[in-house]
Amino acid sequence: MTLAGAKASALAPAPAGRPARTARRRRRGEAGWAVFFLAPTALGLAVFYLWPVVQTFYYSFTTWGPFGGHTFSGLSNYRQLLHDPDLRSAFVNTAWYCLLGLAGVPVALVLAAVLARPGRRGVGFYRALLFLPVVTMPVAVAVVWRWLYAGDSGLINTLLAKVGIHGPYWISDPHTALIAVAAVGMWSSVGYTMVILMAGLQSIPRHFYEAAQIDGAGPVRQFFAITLPLLSPSLFFVTVLSVIGTLQTFDLVYVMVGQTNPALPQTRTVVYLFYQDAFVNNNRGYAAAIAFLLLAVTVALTGLQFRLQKRWVHYA
Amino acid sequence: MGIRAVAAAATSLALVASMAACSSSKGSAGGSAGGKVSLSYGVWDATQVPAMQKIITAFEAQNPDISVTIQQTPWADYWTKLQAAATGGAAPDVFWMNGPNFQLYASNNVIKPLTDLHQDTSVYPASLVKLYQYKGVQYGLPKDFDTVGLWYNKALFDAAGVAYPTASWTWADFQAAAKKLTDPAKGVYGVGATLEGQENFYDTIFQAGGYVVSPDGKQSGYADPNTIAGLKFWTDLIAAKDSPSLKQMTDTAPLNMFESGKLAMFWGGSWDAKAFAGNDGTKTGIDVAPLPAGAKKATVIHGLANVVSAHTAHTAQAEKFAEFLGSQQAAQIEADTGTVIPAYNGTQQAWVQAYPQYQLHVFLDQLLDAVPLPVSRDTAAWNTLEANLLTKAWDGSQPVGTVAADLAEQMNAALAKEGS
């Protein structure tokens with residue numbers, strides 16, 4: 001509704017022959033309306049995003065009581081961060097989730113390349129099928145995968161047993177748990193990546209390929225000389241999103257792994273540790289410090305990606 | 001500015017207004033509409049909700065100007081959610097409290113002292129009354145109590161040719177039976193060594209003559225050799241494969257394994273009776289016996305209480321409801337529905353008779369040997385340590401002794417932080 005209104009006033013053609021003063025006044029009026037229509041979103045952002053960030057930054061220098069009430073404690077939370085072995089292992093685990101998440105990008109690229117071809121039968125069906133996990137509640141996804149992964153009665157091990165393989169207890173074995181959880185994360189995000197890449201593929205003009213064909217380029221050459229460079233802005237976009245998203249892995253670990261799981265130390269992420277400290281152990285100040293450290297890492301990694309993009313991203 | 005712009009403006013105004021409404025609806029849920037006060041009642045056990053609803057109906061019949069809604073949060077998230085809600089001043093008006101969390105809530109003035117009630121507390125077992133006193137002041141009225149028993153699957157005992165457990169069973173009898181009952185080919189195990197204090201390792205720690213926390217709440221008992229023997233009881237069962245491994249039990253909770261006939265024995269609470277009676281797999285084929293004796297007999301006793309939030313907007317009504325929850329009438333409903341053993345003396349026998357197919361009297365018979373659930377001022381802090389550290393002993397990656405020494409050290413540090 002908001003959008004429709006804004007569009008209507010912005011696109012209304014200015015009647016010709018009016019003095020400039022009216023136009024300026026009109027523009028000022030439009031700016032007022034723009035502010036007015038932006039206000040709900042801007043206010044929401046300020047109240048629900050910016051203000052909490054400022055607060056969290058402040059809280060990272062405080063120590064909390066079990067039911068609220070905090071005292072300023074300087075850098076003590078940050079000092080504790082340096083000597084927390086759990087935090088170190090959580091960062092290592094998170095890095096793994098991040099890398100395994102990035103491994104989903106080539107998978108999505110292949111899927112997108114296959115499904116973006118015009119004229120294939122049933123393409124819409126497969127697109128919908130692959131996109132379905134993206135719009136499914138993460139908790140529901142995690143619960144269903146728990147059943148699939150179950151060691152004694154799960155579908156995966158039942159199928160493996162049919163070919164003579166004795167499957168592990170996927171999500172309670174420290175050796176397999178992280179990969180098992182990351183695979184679910186990949187499965188549930190691949191559809192989204194695929195859609196973005198598909199849009200990127202479809203915006204590459206067909207005549208580039210025709211010209212390449214005339215020049216004698218095979219499909220492999222076409223892929224590396226045309227598809228990849230012209231798709232690089234989309235690829236850049238999905239890798240940035242994937243890194244940010246996987247750094248925040250929490251819900252899958254929370255639902256699939258759980259407190260008394262022997263594989264918890266090998267699977268818990270930075271955000272899991274943050275949750276544990278903020279809401280279970282009620283060290284809200286320390287949790288705020290963890291959150292800020294994660295923010296700093298996220299900003300650094302994203303900044304690095306933006307610097308590196310000059311080397312490989314081509315904006316046509 | 002056409003009709004569209006007006007509509008858009010109205011929408012955005014409504015959005016802002018609803019945001020403002022969101023932020024102002026802080027405080028305890030519910031309010032008074034047309035003179036009628038609505039209270040919220042926080043509970044965790046879904047099995048008990050029907051009985052709680054019955055009690056509420058009886059209460060509302062006597063107090064037509066008060067209505068009560070149940071807020072059920074599953075056990076796994078109950079305390080996390082409650083603490084966050086209490087921090088934000090939005091805890092339910094009346095809610096369930098347990099021993100491990102009581103002192104934390106009382107000492108931080110999150111719950112209200114029930115000094116205005118003048119409730120006669122001599123109608124409840126004295127140890128439960130004392131459990132909910134902080135610095136000599138009563139903060140909660142006992143709701144129920146529970147002990148732990150040895151539930152067993154009769155068909156699996158018959159199939160293995162093992163005699164049913166009796167009150168004279170010792171640890172050796174139990175271990176021998178667990179071995180005989182285990183049948184790897186069928187995926188059947190003698191017992192599930194659940195990584196759970198109240199139903200499992202606390203009981204064996206007390207049976208071995210050990211302790212979890214010293215009576216003054218300052219010293220961890222995990223360095224005590226008897227305590228370690230109590231832990232070893234379970235890790236030995238896992239090592240001998242008479243219990244599923246921790247990995248298996250993480251996949252499928254032992255309670256569910258028992259219900260589906262994969263466990264011959266299960267250490268469970270009196271509160272399990274109602275769920276077992278309602279489950280086709282355990283409706284009739286199971287029974288219960290007292291826990292086996294180690295160096296001595298012991299079972300953990302614990303009970304819940306109803307408490308009133310210190311930040312309720314309707315103190316008088318909330319106290320009235322808490323008082324009713326502690327009444328004989330409410331206890332009778334709990335007993336007749338077979339929900340839990342009510343705390344109100346004289347109503348317990350009705351609970352025993354609610355499920356004649358089980359020998360529920362064993363839960364009351366064991367009261368003589370009952371040991372209170374270990375608590376301190378901030379029990380949750382070391383409960384987390386227990387869960388995190390004992391995992392290493394339960395999955396066999398570290399010897400029990402090493403883990404127990406670690407746990408004792410970290411728990412002592414946590415206890416020292418509690419202060420006086």
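Predicted model: local features only at pLDDT ≥ 70, side-chain atom pairs only at ≥ 80, totals over all residues.
Stop 1: A compact globule of 420 residues would have a radius of gyration near 22 Å, so the 24 Å of chain B agrees with that. Switch to a cartoon view and you can look for 18 helices and 16 strands. Of the 420 residues of chain B, 51% count as buried.

**Stop 2: the two domains.** Now colour residues 15-146 and 302-346 of chain B as domain 1, then 148-299 and 375-418 as domain 2. Their C-alpha centres lie 30 Å apart. Where they touch, 14 residues of domain 1 are in contact with 14 residues of domain 2. On the domain 1 side, helix H4 of chain B (residues 99-107) gives the largest share, with six residues. By class, that side has five nonpolar, eight polar and one charged residues.

**Stop 3: a helix pair in chain A.** Hop over to chain A and select helix H4 (residues 85-102) together with helix H11 (residues 219-247). These two helices pack at an angle of about 150 degrees, their axes 8 Å apart, and the crossing is right-handed. Show side chains for the residues that meet: A:Thr94, A:Tyr97 and A:Cys98 are among them in H4(A), and A:Thr239, A:Ser242 and A:Val243 are among them in H11(A). This contact has five nonpolar, six polar and no charged residues.

Terms used:
Residues numbered from 1 in each chain as written. Chains lettered and ligands numbered in written order. Axes fitted to C-alpha atoms, helices over the stretch in contact; angles between N-to-C directions. Helix = DSSP H or I, 4+ residues; strand = E, 2+ residues; numbered from the N terminus. Left-handed = near helix turned anticlockwise from the far one by under 90°. Contact = placed C-beta atoms within 7 Å. Nonpolar A, V, L, I, M, F, W, Y, C, P; charged D, E, K, R; others polar. Domains from an automatic or database assignment. Rg over C-alpha atoms; globule rule 2.2 N^0.38 Å. Buried ≥ 20, exposed ≤ 12 C-beta atoms within 10 Å, placed from the backbone.
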